[in-house]
Amino acid sequence: MTSPERGALVQIVGSAIDLNRLVAHVQHDGVGAVATFLGTVRDVNDGRHVTGIDYEAYQPMAEAEMRAIAAELGAQWEGLSVAMVHRVGTLAVGDVSVAIACAHARRAPAADAMRTAIEALKVRVPIWKREHYAGGEWTWVDPTRGVVSP
Amino acid sequence: MMSVPVLVFASYADAFGARTVNVPVPLPCTVADVVLAMRALPGGHRLPGHVLVAVNHAYAKPGTAVGHGDEVALIPPVAGG
């Protein structure tokens with residue numbers, strides 16, 4: 001058993017993500033629901049055939065932003081425990097790029113926090129991806145398409 | 001002339017052909033001063049009209065002060081997940 005006061009697990013890693021490690025981190029005897037999210041590399045984006053993605057992060061700031069997100073979630077849902085891990089390096093189609101686990105006594109806060117966490121990660125955490133396409137072309141993905149955020 | 005090392009990533013690293021750019025600016029200065037100076041450097045024309053900047057691992061504003069020892073980074077549009 002782990003204590004509910006245990007701090008959030010936030011990490012940028014260079015190798016495969018083990019979801020069980022995140023679940024173990026957020027589990028404790030007061031938990032009644034664990035909501036998990038896996039982001040995976042898919043084979044098509046914007047109609048183009050994707051063969052792989054290089055992820056790059058500004059690691060100290062990425063981990064600081066993930067810690068800030070976890071703290072904000074904890075302030076919104078009392079008793080929540082959070083784990084967020086993002087992988088960097090070259091990933092193939094099907095590989096897990098990001099994993100999140102949110103645990104709470106009740107299912108609604110766990111699920112809502114998990115959704116909020118991934119949405120916040122996508123707009124705030126300094127991580128970038130370069131998609132490689134069939135044919136050898138590549139591009140840095142810009143989800144904002146020029147619209148400024150955050 | 002003094003300079004501040006600025007970390008650049010992803011498409012911005014491609015623009016400057018480096019991961020750290022020594023930007024000639026008098027210190028202390030502001031984030032806006034650093035960005036303006038970077039636009040004049042080789043590759044700087046490839047920066048978009050609005051550039052996000054972090055100082056010491058936190059998003060900064062154009063008026064945020066930059067001094068000796070601060071870690072400054074240009075943050076391209078993020079695309080995690």
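A nonpolar core here is a set of buried Ala, Val, Leu, Ile, Met, Phe, Trp, Tyr and Cys residues joined through C-beta atoms within 7 Å. The model on screen is predicted.

**Stop 1: the core.** Select V82(A), M84(A), C102(A), A117(A), V6(B) and V34(B). In the largest nonpolar core, which has 65 residues, these touch the most other members.

Stay with M84(A) and show what surrounds it. Leaving aside neighbours within four places in sequence, M84(A) is in contact with V10(A), M66(A), A70(A), I100(A), A117(A) and L121(A). A117(A) was also in the previous selection.

**Stop 2: where the chains meet.** Show chain A and chain B together. The contact takes 27 residues from chain A and 17 residues from chain B. On the side of chain A that touches chain B, select α2 (59-76), β7 (96-104), α3 (107-124) and β8 (127-133), each of which supplies at least two residues. Which of these elements gives the most to that side? It is α3(A), with 5 residues. Coloured by class, this side of chain A has 17 nonpolar, 5 polar and 5 charged residues.

**Stop 3: a sheet in chain B.** In chain B, 5 strands form an open sheet in the order β2-β1-β7-β4-β5, with mixed pairing. Its edge strands are β2 (20-24) and β5 (58-59) of chain B, and each pairs on one side only. Next select helix α2 (residues 31-39) of chain B, which packs on the sheet and touches β1 (3-7), β2, β4 and β7 of chain B. The direction of this helix makes about 105° with that of β2(B).

**Stop 4: along β7(B).** Strands of a sheet pair through backbone hydrogen bonds, either parallel or antiparallel. Strand β7 (residues 72-75) of chain B pairs with strand β4 (residues 52-55) of chain B in the antiparallel sense, over 4 bridges. Pick A54(B): its bridge partner in β7(B) is A73(B). β1(B) and β7(B), by contrast, run parallel and are joined by 2 bridges. Pick V6(B) and find V72(B) opposite it in β7(B).

Finally, show the side chains of β7(B). Are its faces covered or open? Both are covered: V72(B) and L74(B) lie on one side, A73(B) and I75(B) on the other, and all are buried.

Key:
Residues are numbered from 1 along each chain as its sequence is written. Chains are lettered from A and ligands numbered from 1 in the order in which they are written. This is a predicted model: local features need pLDDT of at least 70, side-chain atom pairs count only at pLDDT 80 or more; totals for chains, interfaces and linings use all residues. Two residues are in contact if their C-beta atoms, placed from the backbone, lie within 7 Å. Ala, Val, Leu, Ile, Met, Phe, Trp, Tyr, Cys and Pro count as nonpolar, Asp, Glu, Lys and Arg as charged, and the others, Gly among them, as polar. A residue is buried if 20 or more other C-beta atoms lie within 10 Å of its own, exposed if 12 or fewer, and partly exposed in between; C-beta atoms are placed from the backbone. Two strands pair if DSSP finds at least two bridges between them. Axes are lines fitted to C-alpha atoms, for helices over the stretch in contact, and angles run from 0 to 180 degrees between N-to-C directions.
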